[in-house]
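This briefing goes with a protein structure. Look through the sequence and the model before reading the points below.

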Amino acid sequence: MANFSLEGKVALVTGAAYGIGFAMASALAEAGARIAFNCRDREHLEKALSDYRAAGIDAMGYICDVTCEDQVQSMIADITEKLGPVDILVNNAGIIKRIPMHEMEAGEFRQVVDIDLVAPFICAKAVIPGMMEKGGGKIINVCSMMSELGRETVSAYAAAKGGLKMLTRNIASEYGEYNIQCNGIGPGYIATPQTAPLRERRSDGSRHPFDSFIVSKTPAGRWGTPEDLKGPVLFLASSASDFVNGHILYVDGGILSYIGKQPK
Ligand code: NAP
Ligand code: GCO
């Protein structure tokens, strides 16, 4: 029987103060992993530590901007000293900027790519030597439907998440021989602070058009929740997926498979 236990494992989930990252870190903790997480904002960190404690999780939290290699290296060194080498890295930290491309500043484009693509490279590069020495590890990159599809106003995000899909495949290719599996998780539309603007009620109380659009385009007929990511991340973090490498597991309620219902 496949083993989903993470007893004795050390997991780092980036950007896991709330949202999808918090849910995934909770799933890994429930399976026995020791959890480390980071974010940039001190208030987010303190609130998250309280939330993890309330969930019975003794998480270690760090203020660390994943785009800064020195901060990441220092965080990884501290985790290694206090908990041991990182066995599981979940590159979850990410932002989006919804701006029509012809109006987007190059600096805004670069900031999204920095956080959503360069930072997963920085974090993976920081943990791979320890994984190689230890005889293996798991790297899970949080991709997106926008790793496959585009839409208006998300050019930087789609470019970054498309690149993250290929970075995932390249890490899988380059480090598979060291028993390191690198896979992606591609959430569909998930109800978190990142997508809150797409779900805001209109002044008359009606649903945001994008909210209704996504529900109509999703066979499951609903937005996803962070909890929908818990099982998939546990699968990819555990030895149950030791022969899965370079795969992007879409957790999207079927939206990527669906052309949409014919309008009545
Ligand atoms: P979220 O609610 O906006 O949370 C983002 C997290 O990342 C926060 O904890 C934030 O904390 C942290 N973060 C942002 N920039 C950072 C940086 N430079 N360094 C360190 N931490 C940073 O986002 P989410 O919806 O949970 O999404 C999490 C991941 O899933 C992202 O990669 C996102 O692209 C991806 N995703 C989301 C959806 C969705 O529908 N929600 C779908 C597909 C993929 P601080 O601000 O305190 O740093
Ligand atoms: C958007 C959304 C999406 C989701 C997610 C879909 O503005 O289209 O934010 O990009 O966040 O990435 O998988």
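In which helix is the place of Ser155? Ser155 belongs to helix α5, which covers residues 155–175. The model is a predicted one.

**Ser155 and its surroundings**

- Ser155 has a relative accessible area of 19%, and because buried means under 20%, Ser155 counts as buried.
- Leaving aside residues up to four places away in sequence, Ser155 touches Met101, Met104 and Phe109.
- Phe109 is 46 residues from Ser155 in sequence, while the C-alpha to C-alpha distance between Phe109 and Ser155 is 8.1 Å.

**The two domains**

- Domain 1 is made of residues 2–188 and 226–253, and domain 2 of residues 194–223.
- A distance of 26 Å separates the C-alpha centres of domain 1 and domain 2.

**Where the domains meet**

- In the contact between the domains, seven residues of domain 1 meet nine residues of domain 2.
- The size of an interface is often given as the accessible area lost when the parts come together.
- For domain 1 and domain 2 the buried area is about 580 Å², with 42% of it on carbon and sulfur atoms.
- One salt bridge is counted between domain 1 and domain 2.
- A salt bridge joins the side chains of Asp228 and Arg222, with an N to O distance of 2.8 Å.
- Between domain 1 and domain 2, three residue pairs are in polar contact, with both residues at pLDDT 80 or more.

Note on methods
Residues are numbered from 1 along each chain as its sequence is written. Chains are lettered from A and ligands numbered from 1 in the order in which they are written. This is a predicted model: local features need pLDDT of at least 70, side-chain atom pairs count only at pLDDT 80 or more; totals for chains, interfaces and linings use all residues. Side-chain values use heavy atoms; hydrogens and water are left out. Domain bounds come from an automatic or database domain assignment. Contact means heavy atoms within 4.5 Å. Buried area is the accessible area (1.4 Å probe) that two parts lose on being put together, summed over both. A salt bridge is a side-chain nitrogen of Lys or Arg within 4 Å of a carboxyl oxygen of Asp or Glu. A polar contact is a pair of N or O atoms within 3.5 Å; within protein, one must be able to donate a hydrogen and the other to accept it, and residues adjacent in sequence count only if both atoms are side-chain atoms. Helices (H or I, at least four residues) and strands (E, at least two) are DSSP runs, numbered from the N terminus. Buried means under 20% relative accessible area, exposed over 50%, partly exposed in between (1.4 Å probe, protein chains only).
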